[in-house]
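Trainee: I have a new structure open and would like to go through it with you. Can we take it piece by piece?

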Amino acid sequence: MDHLTVDINRVISNAIQVMEDSKYQIYEICESARTELEALESELEQVLQETVRTIDKVDQLEQEYRRARMRLTEVSRDFVRYKEEDIKSAYEKATQIQLDLMVYREKENYLKSRRDDLQKRVRNVEKSIERAEMIGSQINVVLEYLSGDLNQVTRIIESAKTRQLLGLKIILAQEEERKRIAREIHDGPAQSLANIVLRTEIAERMLIKQQFELVQDELVDLKSQVRSGLEEIRKIIFNLRPMALDDLGLVPTLRKFAQDFEEKARVHTVFELTGKEIRLPSAMEAAIYRMVQEAFSNILKHANASHVSLDICYSPQLITLTIQDNGNGFLVGLDDQPTSRNSHFGLVGMRERVELIEGRMVIDSKPGQGTKIVIDIPATSEHRKENENNEPDIG
């Protein structure tokens with residue numbers, strides 16, 4: 001057994017070293033791609049501004065060319081009022097405007113082509129960054145798992161594979177959550193702040209030019225944008241962990257969640273409470289809240305429902321959550337699992353959360369008849385141990 005441990009240790013050490021090297025290489029590739037993306041976005045912004053200016057210039061020249069042709073027609077027909085010099089001047093002016101118009105039209109076509117090319121390159125680089133981040137995230141998962149206690153790794157190898165998979169899924173979920181938060185901050189507050197900096201620079205230039213009315217309009221827009229950015233940050237913080245969960249408890253937080261869901265999703269939502277709320281450990285309340293979030297997210301994505309209900313029932317030993325919708329429904333296998341994992345993958349994550357807090361989940365669904373999910377969660381640690389002892393061994 002010691003010899004096996006040494007061999008496993010050597011293999012794991014080599015694997016860790018290779019993956020550490022690969023992780024830094026992927027990081028460098030990712031940073032290089034981000035630098036390229038910033039340069040492309042900067043160039044694209046310049047091209048877009050130049051394109052707008054060129055289109056305006058083309059419109060202006062087209063109007064001038066029409067007026068010049070009308071003028072040329074006018075002086076050419078009236079030989080009494082206009083001299084040969086007038087005709088020659090009108091002809092030269094029309095010709096010059098026509099040449100300028102041709103040049104700017106060519107420039108407009110070039111800029112549009114350049115714009116399309118840059119937009120395509122930006123999308124490709126963004127996809128490359130996303131792939132690199134995904135690979136880096138997966139490497140982090142494996143590194144974190146392999147860098148743990150070797151004896152525990154050996155025990156996992158010798159015992160249940162389900163524990164190993166569960167550990168990996170937990171770490172992977174953490175990495176995915178970190179990536180989601182980073183993307184939300186990058187796409188939301190970070191973009192808003194960058195735009196705010198740009199707008200303040202514009203306002204500063206207007207102040208130098210003493211364009212006070214324009215500055216006032218710019219500040220009004222800027223104030224609105226700051227408020228919008230603040231709202232995005234509050235939304236991200238709330239999604240990380242609703243403060244009401246700690247301050248008010250699970251029931252008020254779920255009631256507010258149901259109200260918000262009805263307003264945003266335009267789906268009639270009913271919240272019902274039976275019994276008196278029992279305050280649970282903070283981690284358990286957070287886990288229950290996430291399960292409800294996941295269930296409602298699944299309904300919104302897949303069910304096409306017009307009515308959703310959330311019932312929570314408190315008893316001294318058990319907390320029962322019942323989530324029901326009148327949506328599409330789906331086939332459930334003999335093992336109480338969705339037969340299609342791709343379209344109902346969120347239910348798998350819910351089941352894992354339930355198992356982590358030693359609860360039980362039952363799914364009742366049929367195509368065209370909606371879905372009902374019942375989750376039983378032991379209210380006390382003693383009842384959880386009793387429930388665990390009574391559960392059949394799922395090996």
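Trainee: Is Thr322 buried or exposed?

Mentor: Thr322 counts as buried because its relative accessibility is 15%. Buried means under 20% relative accessible area, exposed means over 50%, and partly exposed is in between, with a 1.4 Å probe and protein chains only. Before going on: this is a predicted model, where local features need pLDDT of at least 70, side-chain atom pairs count only at pLDDT 80 or more, and totals for chains, interfaces and linings use all residues. Residues are numbered from 1 along each chain as its sequence is written, and side-chain values use heavy atoms, with hydrogens and water left out.

Trainee: Which element holds Thr322?

Mentor: Strand 3, residues 318–325. Strands (E, at least two residues) and helices (H or I, at least four) are DSSP runs, numbered from the N terminus. Six of the eight residues in strand 3 are buried, so the strand is mostly covered.

Trainee: And what does Thr322 touch?

Mentor: Setting aside residues up to four places away in sequence, Thr322 touches Ser309, Leu310, Asp311, Lys372, Ile373 and Val374. Contact means heavy atoms within 4.5 Å.

Trainee: Which strands pair with strand 3?

Mentor: Strand 2 pairs with strand 3 in the antiparallel sense over seven bridges, and strand 5 pairs with strand 3, also antiparallel, over eight bridges. Two strands pair if DSSP finds at least two bridges between them. Strand 2 and strand 3 form a hairpin, with three residues between them. On that side, Ser309 stands opposite Gln324. In strand 5, Ile373 is the bridge partner of Ile323.

Trainee: New topic. In the largest nonpolar core, which residues touch the most other members?

Mentor: Ile375 and Ile377, out of 41 residues in that core. A nonpolar core is a set of buried Ala, Val, Leu, Ile, Met, Phe, Trp, Tyr and Cys residues joined through side-chain atoms within 4.5 Å.

Trainee: Which elements give two or more residues to this core?

Mentor: Helix 7 (250–265), helix 8 (282–303), strand 2 (307–314), strand 3, helix 9 (345–356), strand 4 (360–365) and strand 5 (371–378). Helix 8 gives the most, with 11 residues. Apart from this core lies another, of 15 residues, including Met19 and Val125.

Trainee: What is Ile377 in contact with?

Mentor: Leaving out neighbours within four places in sequence, the contacts of Ile377 include Met284, Ile288 and Met291, along with Leu318, Ile319 and Leu321.

Trainee: Now helix 1. Is Ala33 buried or exposed?

Mentor: Ala33 is buried, at a relative accessible area of 12%. It lies in helix 1, residues 2–77. Beyond neighbours within four places in sequence, Ala33 is in contact with Val125 and Ile129. The C-alpha atoms of Ala33 and Ala132 are separated by 9.4 Å, although the two are 99 residues apart along the chain.

Trainee: How many residues does helix 7 have?

Mentor: Helix 7 has 16 residues. From its first C-alpha to its last it reaches 22 Å, close to the expected 22 Å at 1.5 Å a residue. The expected span is 1.5 Å times one less than the number of residues. Just after helix 7, Arg266 takes a positive phi of about 60°.

Trainee: Last one. Where is Ile278?

Mentor: Ile278 sits in the loop between strand 1 (268–274) and helix 8. It counts as partly exposed because its relative accessibility is 28%. Not counting residues up to four places away in sequence, Ile278 touches Glu285, Tyr314 and Ser315.
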